[in-house]
Amino acid sequence: MASGPLRFRTPHIEELATAQSRQTPGFAWVAVSGGQGDPAKNWGTSNRKRQRTSLGGQTEQQKEALSARQQREIERKIRDLSSDNSKDARELPIPKRDGSSSGGGGAARPGKTTNTKRILASGKTFAHYLDDEEAEIIRTGRRDVDLEAPTQSAAQRPSKTPLHRRKVRENSAASVTPEPTTASSRPPPKLQTAQSSSGPEVVEVPVDSLADESLRLPTEAELEALLNAPPLTYNEARSAPPSSGAPAPRRFCETCGYWGRVRCMKCGSMVCSVTCKDDHDQFKCLKMYA
Amino acid sequence: MARQQTDHAPSHFPSRTLVLDNGAHTLKAGIASPDSRPDKCHTVPNCIARSHRDKRTYIGPELTAECDDFGELAFRRPVEKGYIVNWESEKAIWERSILDKKAPRDLQCEPQETTLVLSEPPSAPAQLQRNADEMVFEEFGFAGYARVLAPALSSYAPSPFASTAQSPSGLPLECLLVVDAGHSHTTTTPLYHGRPLHGSIRRLEVGGKTLTNQMKELISRTFDVHREDWLVGEIKEDVCYVSQAFNADLERVWKGGRHDPRRPDASVVVDYVLPDYETIKRGFARPHDPSVNLRNRALGIGTEGGRREHILTIGNERFVVPELLFTPSDIGLPQAGLPSTILQSIHSLPASLHQAFLANIVVTGGTSKISGFLERLEAELRSMVDSDMLVRVARAEDPVRNAWLGGARLAQSREAMEKVTVTRRDYLENGEGWVRRVFAGKTGR
């Protein structure tokens, strides 16, 4: 390693290009851009306003900050638009019912069993449940431990069910399995057994029952596989964004809702005409001194 | 002995069935009866509302029955994103609307002798399903319980296509793609013989709620309605429509620039008379009259009967708001519009199945009642698929209560019910994990 006359063990220091300037005690990185540093090019421009316009309105930093802010703004707006409750609904109390009114009696009691007590008292919102589920998927690698338990192994019992009960369940399962054979006369009802896909006696759906469709449907086994596919998670089921070839998002005038044709230099919102721009400047432009 | 017990179970099968489509905006409840008419179904607001004016809290049905002043109501909804999240308030609403003595006579039931058919939206987090199962059995003590996807219930409803032969109740339609345009979101679910194809379910996160909130934002540019959820919801229902030619419509209502003022098209712009909850109980729309003096109207000069009228002029908001369903990028939402979402759903299936689902698209849910929705959806779908494919889109006869109706028809068939129902004894014996496997179709019984 030490081939040359290396005296000091110094770590390798590399300067990474950055657009930001960070303040450290006694030390500062300053981003220097373009011909700005050359006094021969911008002589006499002590005027900061002129300097700014010579840069094309905004510096990179300002543009970056603006687009980041707009992104945050859009996200906040979508969150607002999809909010279910009124803003102050969290504090909205549920009035106590008079106990005699309920058939079950004691309706005012918070829950009858420990489970329901816990459910009723939990103040979790949907976001909490979603985060919990995502964390669970990352931890176990599976969506739902409950649903996959029986397919892991037949020997390992998933529940506390006594053994003799379990045997009964398998028997009755076997009695349900031949159900698809009757498909010609009557379509199979929903929630069928998972076994019929793996079972040897897979029966093709007779063509005459599907005669009104011009296309050949996939075989019963393929369909069973589709039908038994695990449900998607909440995030997976979300509609995908439009393809990259789709037209750019439309922008509308903030004041009147017509096409947004001009961007406000100060706050980045769109307006359609001089009339709306005046209105915007007077009442709505949030960034007065940019 | 155990075998005997399970054999006996059907004889203990409860005779009454309560079908409950628990939507985010309204819950649709009714006891299934042999004639299963939609008017057996009660539509109840699924919320707890607090009025700042009379300092009263309205639970569920009290809101429509007893509330006179819908101004500045604060809502608390137990259903978030379509899923029952807050059971504390949901329990209060269920008790008030179903189990209570104050509930309608034909809705009252003893849970111990009743089977509950509860709808749920697709792709629910597991913990929320667990909570629902535990609450139904342990808190309410229903004798039987079936948790079914709401679109799967819809497949038992009568087919809206005129050419399709009506199936007897208890039998699902063969191939069906249910587009459920609900309050929280819009889901597309392909179903084969009433069984959902889980891997192909897609969700567009624009629903009635999004439209109402967007309407609120847009109207608030001129008149602050941020606290008037109920009112804005009514305005949306009254005046919104889906434009068939968006660009042209937007052009028609432009007021013009400073030097080339134009007169907005009178056929689009409307005056909405706001309710004051004294003489005007519900707002209404009428054609825009540019000559009207708003101040005089507000003072009651020149109006019929001398009543005071506060008028809101609504122009492009009428069609810009429902446009979100077709172009969610207008608010920056990174999702494709409803027609593309349907195609995403269909294209995730084998190619031989595409035609079957494209020709059987059924639209349900309250948001689909916006006029022009069906025509626009069909036109856009038509332009997006090959011309040799048949595209059929139909709206259910009663889009709001379609899932309930399907559930009621399912409940009439004893045989079909036994396949989907878990009895209380099963639950106590086998535990909630087993119950969830049954509802997911993962176990035979």
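This report describes selected features of a predicted model, beginning with chain A and then turning to chain B.

**Chain A as a whole**

Chain A contains 9 helices and 4 strands. Read from the N terminus, the elements of chain A follow the order β-β-α-α-α-α-α-α-α-α-β-β-α. Of the 290 residues in chain A, 29% are buried. When contacts in chain A between residues at least 6 apart in sequence are considered, 23% of them join residues at least 24 apart. The accessible surface of chain A amounts to about 19800 Å², and carbon and sulfur atoms account for 56% of that surface.

On the side of H4(A), the contact is formed by Phe126(A), Tyr129(A) and Glu133(A), while H4(B) contributes Ala126(B), Gln127(B), Leu128(B) and Asn131(B). By residue type, this contact of H4(A) with H4(B) comprises 4 nonpolar, 2 polar and 1 charged.

**Enclosed helices of chain B**

Helix H14 of chain B (residues 402-412) is largely enclosed by the rest of the structure, because 10 of its 11 residues are buried. The buried residues of H14(B) are Asn402(B), Ala403(B), Trp404(B), Leu405(B), Gly406(B), Gly407(B), Ala408(B), Arg409(B), Leu410(B) and Ala411(B). Their cover includes strand S1 (16-22), strand S2 (26-31), helix H5 (150-154), strand S18 (361-364) and helix H15 (414-420) of chain B.

Helix H7 of chain B (residues 229-239) has 9 of its 11 residues buried, so H7 is also largely enclosed by the rest of the structure. Among the buried residues of H7(B) are Asp229(B), Trp230(B), Glu234(B), Lys236(B) and Val239(B).

**Individual residues of chain B**

Most residues other than glycine have a negative phi. Glu72(B) is placed in the loop between helix H2 (62-66) and strand S6 (73-76) of chain B. Lys81(B), likewise not a glycine, has a positive phi of about 50°, and Lys81(B) belongs to the loop between strand S7 (79-80) and strand S8 (83-84) of chain B.

A further residue, Glu120(B), lies in strand S9 (residues 114-120) of chain B. Apart from its neighbours within four places in sequence, Glu120(B) is in contact with Gln129(B), Arg147(B), Val148(B), Leu149(B) and Ala150(B).

| Residue | Relative accessible area | Class |
|---|---|---|
| Glu72(B) | 26% | partly exposed |
| Lys81(B) | 21% | partly exposed |
| Glu120(B) | 12% | buried |
| Cys67(B) | 6% | buried |
| Cys240(B) | 6% | buried |

Because buried means under 20% relative accessible area, Glu120(B) at 12% counts as buried, whereas Lys81(B) at 21% counts as partly exposed.

**Cysteines**

Over all chains, the structure holds 0 disulfides. Cys67(B) takes part in no disulfide, and the nearest cysteine sulfur, belonging to Cys47(B), is 10.0 Å away. Cys240(B) is in no disulfide either; the nearest cysteine sulfur is that of Cys256(A), 17 Å away. A disulfide requires a pair of cysteine sulfur atoms within 2.5 Å.

Note on methods: Residues numbered from 1 in each chain as written. Chains lettered and ligands numbered in written order. Predicted model: local features only at pLDDT ≥ 70, side-chain atom pairs only at ≥ 80, totals over all residues. Heavy atoms only, no water. Helix = DSSP H or I, 4+ residues; strand = E, 2+ residues; numbered from the N terminus. Buried < 20%, exposed > 50% of the residue type's maximum accessible area, 1.4 Å probe, protein only. Contact = heavy atoms within 4.5 Å. Nonpolar A, V, L, I, M, F, W, Y, C, P; charged D, E, K, R; others polar. Areas by Shrake-Rupley, 256 points an atom, 1.4 Å probe, with all protein chains shown as cover.
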